[in-house]
Amino acid sequence: MTFAQIVAASIFVATFTMILSERLHRTIAAMAGATIMLGAGMVLGFYTQQEALASIDFNTLGLLLGMMILVRMLQQTGFFRYVAILVAKRTKGNPLLLFVALGTLTTVLSMFLDNVTTVVLIAPVTILIAEILGINPIPMLMAEALLSDTGGVATLVGDPPNVIIGSAAGFSFLSFLTHLAPIVVVAWLVALSVLRFIFRRELGERPSNVAALMQLDAHDGLHDRAALRKIMITLGGVIVLFLFQDILHVAPGVIALGGAAAALLWARPDVEETLRRVEWSVLLFFGALFVATGGLAASGVLELIADRIAGLAEANLLGASLLMLWVAAGLSAVIDNIPFTIAMIPVIERLGQLGINAVPLWWALALGAGFGGNGTPIGSTANVVTVALSEKTRTPITTRVWMHSGFPVMLATCLVASLMFILFFGWMQTR
Amino acid sequence: MIGACMKRQVVAVSPTTTAQEAACIVVSNRVGTLPVVDELGVLVGVVRLEDLLQVFMPDFVALMDNIDFVHDFGALETLRPQDLLEAAQLTMRDLMQPPVAVERTCGLLRAFATMAKHEIRDLPVVNAAGALVGIASRVDIAAAFLAAWTQTGSQT
């Protein structure tokens with residue numbers, strides 16, 4: 001290793017440590033790390049301002065920003081509350097059906113929309129319904145938190161690691177659907193079955209006051225019906241364009257931002273309010289991480305790592321992919337999966353340059369980063385907010401509850417993913 | 001001045017008064033605010049009806065920005081045994097909020113604005129030592145203020 005590489009690696013490790021220690025807000029830590037990395041790179045000559053700008057993946061940022069704007073607009077119409085009540089009323093208060101219905105609703109919504117938003121808006125309705133029925137909300141809340149992360153793995157826009165991977169590897173929306181969605185369907189079924197078994201006692205409770213549940217008026221929960229229709233049509237259009245992305249050759253970031261522009265133009269919400277709700281700190285965090293990781297890549301450190309593991313990947317691609325899946329899962333369970341994914345990008349890209357088929361490694365990374373987050377209460381932001389919400393109620397989700405339900409689900413879904421990976425390895429080697 | 005319109009007979013409680021005793025006081029005296037005073041009569045806190053009912057309030061009320069679509073609280077309308085058990089453990093010290101109070105010489109409009117800003121319905125009045133000397137409701141203060149207006153109105 002050269003002196004420049006040692007400096008770059010030290011700055012990178014220090015930045016990561018600060019981000020993961022959570023003693024400093026992660027965006028501030030990442031911005032400081034990016035600035036120091038660029039400064040050191042300019043002084044030592046391994047990283048230029050142009051390279052730093054080029055290392056920011058604007059397609060990822062555009063896709064996230066576009067989808068965030070669409071979700072915020074959707075949120076302001078009361079849509080999430082509306083569908084949750086509609087779905088809950090169809091179950092007529094049966095706890096098992098409610099558990100399956102609300103869990104599945106979360107899976108489907110988080111395939112296309114932000115996981116955290118989905119959980120933040122569905123969980124309070126769940127607590128309301130459980131309180132009215134006099135049943136324990138924990139099985140439903142756990143299903144929602146766990147299945148939002150699981151569902152997010154199925155599509156290009158489902159969760160941030162997929163957005164980053166899709167952009168770096170050039171995988172289309174359709175290839176995510178054809179490669180990961182089938183695994184997610186099986187994982188969804190397995191996760192529900194595991195939770196159904198763990199919470200068999202709670203789910204056998206007899207609901208009281210079903211009449212009060214049926215009295216809930218979904219339409220009263222809806223603020224703006226006309227805007228909802230316009231946003232849903234725009235969102236549908238965006239998803240259709242995603243599906244034809246291969247033919248159209250339009251980047252997903254452009255489609256999402258175009259969709260956001262169309263929805264803003266058509267539905268005319270209070271634009272200041274909508275934009276205030278966009279998570280700018282997340283976007284800034286991504287940008288800064290790209291710059292910091294770009295510096296590490298420019299110094300050649302990530303190439304060194306890639307060259308080391310190239311031998312293993314060449315000798316046993318399936319083994320390397322499974323290793324990637326489980327390492328990604330294990331790390332995502334305890335740390336934020338976004339910095340890890342961003343750091344893995346240049347490594348896998350380098351493996352591709354060395355003539356190794358990197359495609360299965362990308363898929364393994366997406367599966368591990370997505371399913372791994374379910375392992376602990378801090379594994380994903382959706383988990384953190386679900387636990388925080390439940391702590392304001394009479395039935396808090398404790399770490400003990402999580403380790404008895406979330407952790408087994410993480411193991412089961414990762415096992416399912418590994419098995420399907422082995423069975424369909426030929427398919428997983430294609431994009 | 002608020003000193004002229006306040007009630008001098010104040011139903012006050014001590015920090016060790018239990019929630020159930022407080023409930024009895026609210027029911028028999030029909031008051032909506034319970035000033036909490038220490039053994040020297042100094043105002044140390046205020047318990048509002050919201051604080052007293054907090055234990056019985058469903059969790060979702062605090063979590064949702066809109067509950068207009070909930071037409072029926074169902075079984076939540078009745079006192080739940082587990083909530084009663086929890087409430088039995090509570091004293092005024094657990095429920096009370098930091099007091100907002102004014103002195104006897106406080107103007108009526110300032111008193112009313114203070115209540116509006118702090119979202120309270122009754123305003124305790126204290127002396128220079130901080131001891132509780134009276135309490136005025138929104139209606140007491142507003143009626144005293146508006147009385148001046150009706151008098152000027154009759155003169156012109």
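Predicted model: local features only at pLDDT ≥ 70, side-chain atom pairs only at ≥ 80, totals over all residues.
**Chain B and a helix pair in chain A**

Reader: How many helices and strands are in chain B?
Author: Chain B has eight helices and five strands, taken as DSSP runs numbered from the N terminus, with helices being H or I of at least four residues and strands E of at least two.

Reader: In what order do the strands of the open sheet in chain B lie?
Author: Three strands form that open sheet in the order β3-β4-β5, with mixed pairing, where two strands pair if DSSP finds at least two bridges between them. Its edge strands, each pairing on one side only, are β3 (102–103) and β5 (132–137) of chain B.

Reader: How many bridges join β4(B) to β5(B)?
Author: Five bridges join β4 (residues 122–126) of chain B to β5(B), and the two strands run antiparallel; B:Asp122, for instance, has B:Ser137 in β5(B) as its bridge partner.

Reader: Switching to the interface, how many residues of chain B are in contact with chain A?
Author: On the chain B side 16 residues are in contact with 20 residues of chain A, contact meaning that the C-beta atoms, placed from the backbone, lie within 7 Å. The chain B residues divide into 10 nonpolar, three polar and three charged, where Ala, Val, Leu, Ile, Met, Phe, Trp, Tyr, Cys and Pro count as nonpolar, Asp, Glu, Lys and Arg as charged, and the others, Gly among them, as polar.

Reader: How do α22(A) and α24(A) run relative to each other?
Author: The axes of α22 (residues 359–372) and α24 (residues 399–423) of chain A come within 9 Å and cross at roughly 165°, with axes fitted to C-alpha atoms over the stretch in contact and angles running from 0 to 180 degrees between N-to-C directions. The two helices are therefore roughly antiparallel to each other, a label for angles over 145 degrees.

Reader: Which residues of α22(A) meet α24(A)?
Author: A:Ala364, A:Leu367, A:Phe371 and A:Gly372 in α22(A) meet residues of α24(A) including A:Met410 and A:Phe421.

Definitions and conventions
Residues numbered from 1 in each chain as written. Chains lettered and ligands numbered in written order. Parallel < 35°, antiparallel > 145°, perpendicular 65-115°, else oblique. Contact = placed C-beta atoms within 7 Å.
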